[in-house]
Amino acid sequence: MTPRITPATKAATVSFVMVVLGMLLILWSVLQTAQIWFVLSALIAVGCLVVISGVRMAVLGVVLIGLYCFTASWDDVGIGPVGVRQLFLIFGGMLLAPTLDPRRLPPVPWWLHAYGVSAVVASCFLLVFPISEAYYNERYATSAVGTALGERPGQLSSLASLLFNNYAIPGVIVLACMLMPRALRWLIAAYVAGAALCCMAAIAGYYGQPILLNLFGAVPYPSGVRASGFTSHPLRLGTTGVMGMGLACWLALQPRLIFKLVGWGGVPLLLGGLYVSGSRGPIVAAVIVLVLCMFLLPTVRRRVHEVVAAVGVAVLAVLLAVPSLAEEVLQQTRLTSNSTTTVSDDGRREVLAQGLHDFHNSPFFGIGVQFIAEAHTLYVGVLAGGGIILGLGFVLFNVGSIRAAVQSLKLDRALAGALIATLIGTLWYWTVADLIQTKTVATVFGFVLALWWMSNDEDASVEWRRDLIEDEPALAEADGVLPPADWQARPRTSALWRRP
């Protein structure tokens, strides 16, 4: 009797072959020839375990996306020239791709297209009407580094990176939630846990204990200087703290113990990471996010007076006990004027002036998206890199993402509130930073897109609300979470862990 090949078996086989070929192609360039056979043997062993255990390959894809979220802020950790987060993202997406159900997938939201398409249009105009080489060569030399900026190569590669962060990362997160709606909680928990570990490494390195930095292969730095953790720059570490703060507050209020631990452990570690980064902009943005969370998270809003009073008393007690602490904090966070802030402010003024000059030189389509991150102020950087075309797309992108988070309030007020607080905090943050083209930021926009999609998908919405009711019935009822009457009769997505 010929054995029956089920669709799940076909999907698992095809996905496994794709993963093997993809990993061999990438690892061939970063490993010695003698190690290829070891890697190939390990992949075959993992494949055999998957077949024996009966776990679906797509679920392994969800796990890989979780590992990507965990390492999303680790841009300074890699295997040779390849970042670990790219490997997790690519292989996780390859495993999830065969599970795509076009009938459930909504159209790509207009606000994603607004930013992506406007970047493409501005780049096309620049190819047709290129900026003169003389202009690039005559761009100024900063007093901070003393070298001319000149022309940054790689307009097409910068555009490809922008489109990848804009479409691929949010899309893969949505695919994971299409397979398992409850996965969004775990992806967010993984994101916050990874950001907290990054900040822990930064704190340890700042105080002369680079154990985690050495363990994960990050570049160590002298103790007492502005820390960067697993990121490549202190400002990127600050961005990690800003993007993870609201989500950490949301996790701290979840009924499950593991989420509580990640949330309550993440908040102080993220604050510590912001402190040792010495970045003023992220610190102010994180405070904005925390204040907004007090009013947007339903559990905290009901007791906001008690929370504010408790925090105020605690801060006052610490300052009275250690009078010199306030001055030390202000110096480390550079919120007071000193020699380093003076140099930094002078450099910011110069790059800002250059960004405005770039915009005036090419107001409609800019001088190239590869220059977005030069002005140190994202709003000016977007105008300098893509002109009015990209500027309008960027405005629509921010308005649309906040609108999507507001629409998600009907599904989960607490999580949507945390995302709204984060997005509003970033609107201020972009006035002093230009790091939107990072996977740390793109991942949070992926969470926004996933929650918005689930709020508009009946099956995913019922599954998400059922989990809320079963975890904390009283809290779900207070938040107005009322699933359809037949929710108990619907099959749970936990059945997807094993092949039929």
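Buried means under 20% relative accessible area, exposed over 50%, and partly exposed in between (1.4 Å probe, protein chains only). The model is predicted: local features need pLDDT of at least 70, side-chain atom pairs count only at pLDDT 80 or more, and totals for chains, interfaces and linings use all residues. Residues are numbered from 1 along each chain as its sequence is written, and side-chain values use heavy atoms, leaving out hydrogens and water.

**View 1. Phe125 in helix H5.** Phe125 lies in helix H5. Helices are DSSP runs (H or I, at least four residues), numbered from the N terminus. Phe125 counts as partly exposed because its relative accessibility is 36%.

**View 2. A nonpolar surface patch.** Val117, Val121, Phe125, Leu127, Val128, Phe129 and Leu156 form this patch, with about 650 Å² of accessible area together. Patch residues have over 30% relative accessible area and no salt bridge, with nonpolar side chains (Val, Leu, Ile, Met, Phe, Trp, Tyr) joined within 5 Å. A salt bridge is a side-chain nitrogen of Lys or Arg within 4 Å of a carboxyl oxygen of Asp or Glu. Helix H5 (residues 110-128) gives the most to the patch: five residues.

**View 3. Helix H3, mostly covered.** Ten of the 14 residues of H3 are buried. Among them are Met57, Val62, Ile65 and Tyr68.

**View 4. The largest nonpolar core.** A nonpolar core is a set of buried Ala, Val, Leu, Ile, Met, Phe, Trp, Tyr and Cys residues joined through side-chain atoms within 4.5 Å. The largest has 109 residues; Leu184 and Phe447 are among those touching the most other members. Helix H8 (residues 183-206) supplies the largest share, 15 residues.

Methods: Patches are made of residues with over 30% relative accessible area and no salt bridge: like charges are joined within 9 Å, nonpolar side chains (Val, Leu, Ile, Met, Phe, Trp, Tyr) within 5 Å. Accessible areas come from the Shrake-Rupley method with a 1.4 Å probe; for residues, only the protein chains shown count as cover. Helices (H or I, at least four residues) and strands (E, at least two) are DSSP runs, numbered from the N terminus.
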